[in-house]
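Thanks for coming. I will take a few minutes to walk through one structure.

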Amino acid sequence: MVYVTGDTHGDFSRFQNSVLRRAGANDVVIVCGDFGFFWNESKQELKNRKKLSEQKYTICFVDGCHENYDMLEKYPVREWNGGQARVIAPNIIQLLRGEIYTLCGKTFFTFGGGHSQDFEYRTEQNWWEQEQPTYEEILHAANNLKQHDNSVDYIITHEPPASLKDCLRVDVMQRLEIHAFFEDLTTDCDFRQWYFGKCHLNRYVPLKYYAVFDEIYPLRDTEGKAITAQRDTGEIMEEEENA
């Protein structure tokens, strides 16, 4: 099964959630940015990383606005499930910008990064310009999607499309090139569901969008069946009907 959650910011308790109790070697947990387990090499951080590496399932994440990019970029990039990925441990994978992966028989387009609202206060010691997507990365993403006929099953990002910022009333004055690109995808790309973590909300936005934060959502297809590699675990994805 594939699960999706929002920003973890280095908090291991998310992976102690009862939803993951039955997750095993064939399952994948995707974090929509601000993973935060690679920040300062503290004793607690190293301990948490070890605990992550001991989980039976695979943990994947797109980068967010609060990452130590210098640390992440030390790890090798290689082919992984159809796309280029940064392999940190056998079960810890950074999903890179503009790549498309096949997980449990479904395709996932991923694009991390964004813009820190607090970057003015962090530039002296713990802000990295790599958080902001480049034109080259957007072009790579567009070309990659074109090679897949602009059609994927799921989209995983940190930032939302521009219109979703307005809908959710977050960062309404902030407009970056990546927001415009994502807005184009809402009409130019055929997809089933889009998940993003930046807004720190658990909110379903009809008909295809999910702002995710501290909940963990098992993905389901359009027929309501769990997205699994070998089995259906019987988990039910709850949508917020009154969003």
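I will go through the sheet, the cores and the salt bridges.

This is a predicted model, in which local features need pLDDT of at least 70 and side-chain atom pairs count only at pLDDT 80 or more, while totals for chains, interfaces and linings use all residues. Residues are numbered from 1 along each chain as its sequence is written, and side-chain values use heavy atoms, with hydrogens and water left out.

First, the sheet. Helices (H or I, at least four residues) and strands (E, at least two) are DSSP runs numbered from the N terminus. Two strands pair if DSSP finds at least two bridges between them. Six strands make an open sheet with mixed pairing, in the order E7-E8-E9-E10-E12-E11. E7 and E11 (203-205) are its edges, each pairing on one side only. E7 pairs with E8 (residues 106-111) in the antiparallel sense, over five bridges. Within this part, Tyr 101 stands opposite Phe 108 of E8.

Which strands does helix H4 touch on the sheet? H4 touches E7 and E8, and its direction makes about 165° with that of E8. Contact here means heavy atoms within 4.5 Å; axes are lines fitted to C-alpha atoms, for helices over the stretch in contact, and angles run from 0 to 180 degrees between N-to-C directions. Helix H6 (residues 177-188) lies across E8, E9, E10 and E12, at about 155° to E8.

Next, the cores. A nonpolar core is a set of buried Ala, Val, Leu, Ile, Met, Phe, Trp, Tyr and Cys residues joined through side-chain atoms within 4.5 Å. Buried means under 20% relative accessible area, exposed over 50%, and partly exposed in between, with a 1.4 Å probe and protein chains only. The largest core has 26 residues, of which Val 2, Ile 30 and Tyr 195 touch the most other members. E2 (28-32) is among the strands that supply at least two residues; E2 gives the most, with three. A second, separate core has 22 residues, including Ile 138 and Leu 168.

Last, salt bridges: a side-chain nitrogen of Lys or Arg within 4 Å of a carboxyl oxygen of Asp or Glu. The structure holds seven. Glu 137 bridges to Arg 97, with the closest N and O atoms 2.9 Å apart. Glu 137 is in H4 and Arg 97 is in the loop between E6 and E7, so the pair ties together parts 40 residues apart in sequence. Arg 97 is buried, at 9% relative accessibility, whereas Glu 137 is partly exposed, at 25%.
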